[in-house]
Structure formats: C-alpha cells, structure tokens
Amino acid sequence: MATVERQVLDALGVERALARIAHEILERNKGVDNLVFIGVRSLGVEIAQRLVDKAEAIEGIRPPSGIIDITLYRDDLHRASQTPLVHGTTIGFPIDDRALVLVDDVLYTGRTTRAALDALMDFGRPRSVQLAVLIDRGHRELPIRADYVGKNLPTALNESVEVRLKERDGRDEVVLIRAEEG
Amino acid sequence: MFTRRHLLGLEGLSREEILSLIDTAGTFKEISDRDIKKVPTLRGKTVVGLFYEASTRTRTSFEIAAKRLSADYVNISAPTSSSSKGETLLDTARNISAMRPDALVIRHSASGAPHFLAKRIDCPVINAGDGAHEHPTQALLDLLTIRDKVGRLDDLTVAIVGDILHSRVTRSNVHALRTLGNRVRLVGPPTLLPAEAAAWGEVHHDLRSGVRDADVVMMLRLQRERQGRNYLPSLDEYSRYFCLNRAALALAKPDAVVMHPGPINRGVEIASDVADGAASLIMQQVTNGVAVRMAILFLLVNRVRAAAPDVPVAEHAAPERRRKVG
C-alpha cells in the first residue's frame, strides 16, 4: 500500500516549539531549582535532552534528567504479537518532592503516559508531574492531557505521526503519514 | 531475539538468542535496586516451581523473580508432594497443568525431565537444573556477571574447575561460552571428567596449569551427594590438589575473576579467603540470578497467548502420541 507523507513541522518549527516549551516550563516552575526531566523511551529521551539543554542555557544550571522505559507497565503486553524489547529505566536521583517534567514525542491515546505515571510512582512521590509533548495528535482513550504542547495536530485514525530527530535521523522534522487506498 | 516457548537448555541456542537473553536480563537489574522492587508486568499470572531436588538459591531466586514481576508463585518440593505417595512426574505435572499455570519451573535429578514435560503439558517449561545435563539460568547469570565485570563475553579464557562429571552448570556454560567465542578449559581429576570433555575444550588434570592466565576461574561444588562410587580417594586429597587458594589464583591473569554457582564447600574446592576475596563475584552472581530469571519469565510468559497458534507442530504432536501409547 502506498503512503503519502506531509511535513507538519520543519527543523526550525521543531526548534521553535521546543524553545517555547522550555520557556513555559521555566516560567511555570520559576526556574530549575526543584525541576527534574524524565524522557519516555525512546524519542522522549532525546526531546528531554533538548529541553534540559535549553533550560541550562537560560538558567545556567543543568537540571537532572532520567530515562523511563514503560514496557513493563504496558496494558497491552498480553495482546502484543511479539514480546517487546526492554531497554531499561535509568533514574539516578530521588524524585521525591521534585517537580517532574515527563517528556514524550507524541501524545495519542494516553496509554503510554498512564504507564509512565505508574512507573514513576514506583520510584517515589514527586511533588508534581507535568507532561510535555512535541505533538498532541488527539484520540485520547484515557483522561490525560499535556501541560506543554509543541503543536496540536488534528489527525485521522488511519494516519500516523512520525517525529524525526537529528540524533537518529540526521534531521529534525515531523511528518504525517497517510496510507492511500488502492 | 529469543522467541522460543521453553527454556530447556543453552545447547543449540544461537549467539543472538543468548545475547538477547543477557541483554534483557541486564535491564531487569535496576528493578531490584528500587525501594519498591516490583513491576506489574506479570500481574495475574501464575508460576509454579516443581523442585524434586534440594535448592536454596535457585528456588528462592525464581520465587523472588516471579514476585518482582507481580506474578503469583507457588512452590512444590518433592518431599512434601504426592511424589512421596508414588505419583509419577508426568501425573504430577499434568495435575498442576490442569490448574492453568502460566509457567512451570522444574528441577529434577533425571536429565531430560524438563524436556519430557515440555512435550506433554501446555505451559512454558523452564529448566532449573536437570540431573547432570543443563542448568541454563545459572549459566546465563554467570555470563551476565562476567559481562558486568569484564566488559565483554568473547575471546576469554574460562577455566571450569572441579566435579565436571556431575556438573549441569558446566554443560550449560560450555555451550554458551563456546557459542559466544570463548576458550574453555576443563580442570579436574580424571575420574571427575566425562569422556566428552575433550570435545568441549582443553582438559587439564592439574589446577595450576588449568588456571594459568585464565580470565575467569569458575569453581564447581564437589557434589558429595553424588560421590557414591569412589571417584576420589578422599575429600582431603581432592582439596590438596584442586582447592582454589590464593597461590593458585595468583597464576591466573592479574584481574581474573572467581565464580562459583554455590553452595560452596569452604576449604574443599575453594579457600575461604578466595571465596570472600576481591576477585570473587559469587554474591554478584546471586544478585544477577534474580534479573536473569525475571527476564526469562517475562519473555516466556508474555509470549504464551500470542504464540499459541504457531507453536511448532512437534510440540503439539507429543500429547497425541502419548494418548495412543497410554
């Protein structure tokens, strides 16, 4: 089946969106003092690193960051056709009483975020959890919303959103992919 | 990627399969370092341990692994089970299977017992040690421990020392170490070396030549419960020639590591100051055992429903044959 790709954010668009999110996070939390960032594997990790870089550039202090792998918390493991790979969680600092920013690339059904919240609660009790995503494509299946959104992107269910990042793909962009009938 | 239905042994597994098991196990280590040592992954699943031989480490390790994945774990030990009333292994296993467990962990003194059951019951079977055949989770935790400490799993010289003849740990390790491209030495008195040892690697009857320049020295427990047939003149004599003490260890590479699957006989196969010394990885082995067993349970139990339709024909065919015979 043929697919049609449409770019919805170019490199500059990604950069602007992340810069704005970084400013919004710092404004809402009044700096980086109590702030920690956790990226959801896999692309959330790179996006979290970009936000941490920007926060450091603005505030002069680098907030701690960690990685969360939600595989073991998924609600569809028993339905997966193949056991997914586990890459592990790395949170090298206590999250108790911190303001925690959970970072992911695309917010869709909300199930990944649900799993990530459950996983985080096993690591401690943050003072607050805020959700930052590059793209919110709608179609939530759970009562979850993002606090910081790079771009709201209305999509159809038969479309998919692909975030490409320099670190992996050689360039920054977000594309909407639609399968063409026939 | 490991996509088999059972873990019966390491013989015949590919390099990729072994490494993917170790990689997956590596990611589970972190869970045991948390304050809350539990993930919800196998919630609602039941793991049954069927232990026909004594075990402290392996049984506890499987139970902890299952519980840290939120599975329910039930253990049956032979002396307290109906086997003491004469029930056969197969009948016991079929009755347990009728209670719909999601995995069966078995240790048995008969080589091949797990393979026998895997063909006849519906759930994944994990070999926790069968006779003198294999002990795959032990070898996997050994490999994970070596990789953690040495940083690689190929081009190593590994000396396995002691009661090779009765050692299922050796057989699993030999298969895996060789598949990954390491040199294996088998070290022990001729009476405790099986005929096939020469096909596994270099055979040494002298501890000093056996451990010389080794990267890893893997000591085996002298299996006193299996020593009925005069394999040794005396325990004293065995320890005089084959006990790993500091002088013998000094012949290995300067940064060589010492391992032992436990339980250790202090002063018989390993001196206390070596077992408790800086080169010893014995406690890390035990810690890694939990991660390895979590990984195996995760990979096997989660696969079940998805894999059921395309289980190889051979694994379905066995019960049919059994009905005709029985």
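This is a predicted model: local features need pLDDT of at least 70, side-chain atom pairs count only at pLDDT 80 or more; totals for chains, interfaces and linings use all residues.
As a whole, the complex gets an ipTM of 0.83 and a pTM of 0.89 from the predictor. For chain B, the average pLDDT is 90, with 92% of the residues scoring at least 70.

Five strands of chain A line up in the order S3-S2-S4-S5-S6, giving an open sheet with parallel pairing. At the edges sit strand S3 (65–68) and strand S6 (148–152) of chain A, each of which pairs on one side only. Going from one strand to the next, the twist averages 25 degrees. Within this sheet, strand S4 (residues 99–107) and strand S5 (residues 128–136) of chain A run parallel and are joined by eight bridges. To pick out one pair, Ala99(A) has Ser128(A) in S5(A) as its bridge partner.

Helices pack against these strands. Helix H1 (residues 11–29) of chain A packs on the sheet and touches strand S2 (35–40), S4, S5 and S6 of chain A. The direction of H1 makes about 150 degrees with that of S6(A). Helix H2 (residues 43–59) of chain A, for its part, lies across S2, S3, S4 and S5 of chain A. Relative to S2(A), helix H2 of chain A runs at about 155 degrees.

Turning to chain B, the count comes to 13 helices and nine strands. Its radius of gyration is 20 Å, close to the 20 Å that the globule rule gives for 326 residues, so chain B is as compact as a globular protein of that length. Of the 326 residues in chain B, 45% are buried. Looking at contacts in chain B between residues at least 6 apart in sequence, 75% join residues at least 24 apart.

Chain B has an open sheet of its own, built from four strands in the order S2-S1-S3-S4, again with parallel pairing. Strand S2 (72–77) and strand S4 (125–130) of chain B take the edges with a single partner strand each, so one side of each has no neighbour in the sheet. Direction ignored, neighbouring strands of this sheet are turned by 15 degrees against each other on average. Strand S1 (residues 46–51) and strand S3 (residues 103–108) of chain B pair in the parallel sense through five bridges, and Val47(B) stands opposite Ala103(B) in S3(B).

Another parallel pairing in chain B links strand S5 (residues 157–161) with S6(B), over five bridges. Here Thr157(B) stands opposite Arg183(B) in S6(B). Strand S6 (residues 183–187) of chain B is mostly covered, with four of its five residues buried.

Finally, there is the contact between the chains. Chain A contributes 14 residues to the contact and chain B contributes 13 residues. On the side of chain A that touches chain B, the residues split into six nonpolar, seven polar and one charged.

Notes: Residues are numbered from 1 along each chain as its sequence is written. Chains are lettered from A and ligands numbered from 1 in the order in which they are written. Two strands pair if DSSP finds at least two bridges between them. Helices (H or I, at least four residues) and strands (E, at least two) are DSSP runs, numbered from the N terminus. Axes are lines fitted to C-alpha atoms, for helices over the stretch in contact, and angles run from 0 to 180 degrees between N-to-C directions. Two residues are in contact if their C-beta atoms, placed from the backbone, lie within 7 Å. Ala, Val, Leu, Ile, Met, Phe, Trp, Tyr, Cys and Pro count as nonpolar, Asp, Glu, Lys and Arg as charged, and the others, Gly among them, as polar. pLDDT is the predictor's confidence in each residue, from 0 to 100. The radius of gyration is taken over C-alpha atoms; the globule rule is 2.2 Å times the number of residues to the power 0.38. A residue is buried if 20 or more other C-beta atoms lie within 10 Å of its own, exposed if 12 or fewer, and partly exposed in between; C-beta atoms are placed from the backbone.
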